[in-house]
Amino acid sequence: LSESESVETRSVISSYASAWSSGETKSVAAMYANDAVRRDALFEESQQGRKAIQSFAESFFTWYPDAKWTSLEMFGEKKFRDKPQAVGSSFKVEVVDTAGEICEVEAVVLLHIFEGKIVQEDIYYEPNSLIECGWAE
């Protein structure tokens, strides 16, 4: 990645982590294109469009009001003029589990960015961390 692409990647990932940590659905929705798709392969969930993503964010913030997303390692591909750019990061997501303890879910998020907006998001979780935090059995 060029220096400017690297700065842009860090900015996108930083904005993503801030929005999903903010508890503000409008901040989350603002990052996505109108027809964006958000997919979670493990839980077989998918949201199509900014409104559906905002609605999911509302549910997420209800379940985990104090979730804190921290980017660990970022990656990205070279930007091409007429194509979405793929960028992503591994994250730790600090949440409060069912016992009231702080727990860390590990995830990798792959974003496709076009004209400054997320057009596609794919999220992958580390299964053991989900079990430890009570997100899965």
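Reader: How many aromatic pairs does a search of the whole structure find?

Author: This is a predicted model, in which local features need pLDDT of at least 70, side-chain atom pairs count only at pLDDT 80 or more, and totals for chains, interfaces and linings use all residues. Residues are numbered from 1 along each chain as its sequence is written, and side-chain values use heavy atoms, with hydrogens and water left out. Rings of Phe, Tyr and Trp (its six-membered ring) pair if their centres lie within 6.5 Å, and planes under 30 degrees apart count as stacked, over 60 as edge-to-face and the rest as tilted. By that rule, the number of aromatic pairs found in the whole structure is 17.

Reader: Which kind of aromatic pair do Y16 and W20 form?

Author: Y16 and W20 stand 4 residues apart in helix α1 (residues 3-22), so about one helical turn separates them; helices (H or I, at least four residues) and strands (E, at least two) are DSSP runs, numbered from the N terminus. Their ring centres are 6.3 Å apart with 45° between the planes, which makes the pair tilted.

Reader: Which kind of pair do the rings of F60 and F61 form?

Author: The ring centres of F60 and F61 are 5.9 Å apart and their planes meet at 70°, so this pair is edge-to-face.

Reader: Is F61 buried or exposed?

Author: Buried means under 20% relative accessible area, exposed over 50%, and partly exposed in between (1.4 Å probe, protein chains only). Because its relative accessibility is 9%, F61 counts as buried.
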